Amino acid sequence: MDQNNALYHDLERILVTREEIAQKVRELGQKIADDYAGKNPVMICILKGACVFFTDLIRETPLPLTTDFMAISSYGSATKTSGVVRILKDLDHSIAGKDVLVIEDIVDSGITLSFLRDNLKSRGAASLRIATLLDKPEQRKVPLHVDYCGFIIPDAFVVGYGLDYDERYRNLPDIGILDPSVYSGK
Ligand code: IMP
């Protein structure tokens, strides 16, 4: 832990270190490159949470891929999704006939990705797969198949490496469990 970085003081503990993340991202990139050999997939970053994972992952994926970005909001309390999903920024390009790989930071209830999967499927992609850095399967409320997963984690609210609480902590290089005292009472 970087003791000079005050953001770490708000963590209960570090869950996944930057070294573990880097190793996993290399593995995932290689696996994706093997699975999509001979294809030109479009990798879609789900903003904002997946931004750090996405920029690392595409650089570990040696394929003639293209990128696009989508921003989603799911309303709810500070640390739980409500189930109401809204597209804040749509894709710039059509995905009709394309091999699409959606890159997400974390799957919790599964509601956000299940909405996205149905939405993107209706646009005529040739194939659609989902990659997530983190998965909290205990919290699943709707069935969702994840094709690539970095780490299965326990039911705790985590921040860092792109994941936020109230827009903060995205710039932590490691992933940690946020100390509940930071959000209790909200
Ligand atoms: P779901 O719809 O419940 O699967 O929630 C997915 C979205 O909720 C993610 O894309 C995150 O933006 C957010 N989220 C869920 N769990 C966490 C967490 O532990 N930390 C930060 N954001 C989270």
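Trainee: How exposed is K89?
Mentor: K89 counts as partly exposed, because its relative accessibility is 26%. Please keep in mind that this is a predicted model.

Trainee: Which side chain does K89 meet in a salt bridge?
Mentor: The partner of K89 is D92, with 3.3 Å from N to O. D92 counts as exposed, since its relative accessibility is 57%. As a general point, side chains of opposite charge can pair when their charged atoms come close.

Trainee: How many salt bridges are found in the whole structure?
Mentor: The search finds 12. One of them joins D118 to R117, whose closest N and O atoms are 3.6 Å apart. D118 is partly exposed at 44% relative accessibility, and R117 is partly exposed at 23%.

Trainee: What about E167, which residue does it form a salt bridge with?
Mentor: E167 pairs with R170, and their closest N and O atoms lie 2.9 Å apart. Salt bridges with shared partners link K48, D164, E167 and R170 into one network.

Trainee: Is R170 buried or exposed?
Mentor: R170 counts as buried, because its relative accessibility of 17% falls under the 20% limit. E167, by contrast, is partly exposed at 46%.

Trainee: Changing topic, where is T61 found?
Mentor: T61 sits in the loop between α2 (51–59) and β3 (66–77). T61 is buried, with a relative accessible area of 4%.

Trainee: What does the side chain of T61 reach?
Mentor: It reaches the backbone oxygen of L57 at 2.7 Å. Leaving aside residues up to four places away in sequence, T61 touches G29, I32, A33 and M43.

Trainee: And the overall build: how many helices and strands are there?
Mentor: The chain has three helices and nine strands. From the N terminus, their order is β-α-β-α-β-β-β-α-β-β-β-β. The radius of gyration is 16 Å, close to the 16 Å that the globule rule gives for 186 residues, so the chain is as compact as a globular protein of that length.

Trainee: Which strand does β1 pair with?
Mentor: Strand β1 (residues 11–16) pairs with β9 (residues 175–178) in the antiparallel sense, over four bridges. Within that pairing, V16 stands opposite I175. Strand β8 (residues 158–159) is also antiparallel to β9 and is joined to it by two bridges; there, V158 stands opposite I177.

Trainee: Lastly, what share of the residues is buried?
Mentor: Buried residues make up 45% of the 186 in the chain. The accessible surface comes to about 9100 Å², and 50% of it belongs to carbon and sulfur atoms.

Note on methods: Residues are numbered from 1 along each chain as its sequence is written. This is a predicted model: local features need pLDDT of at least 70, side-chain atom pairs count only at pLDDT 80 or more; totals for chains, interfaces and linings use all residues. Side-chain values use heavy atoms; hydrogens and water are left out. Buried means under 20% relative accessible area, exposed over 50%, partly exposed in between (1.4 Å probe, protein chains only). A polar contact is a pair of N or O atoms within 3.5 Å; within protein, one must be able to donate a hydrogen and the other to accept it, and residues adjacent in sequence count only if both atoms are side-chain atoms. Contact means heavy atoms within 4.5 Å. Two strands pair if DSSP finds at least two bridges between them. The radius of gyration is taken over C-alpha atoms; the globule rule is 2.2 Å times the number of residues to the power 0.38. Accessible areas come from the Shrake-Rupley method with a 1.4 Å probe; for residues, only the protein chains shown count as cover. A salt bridge is a side-chain nitrogen of Lys or Arg within 4 Å of a carboxyl oxygen of Asp or Glu.
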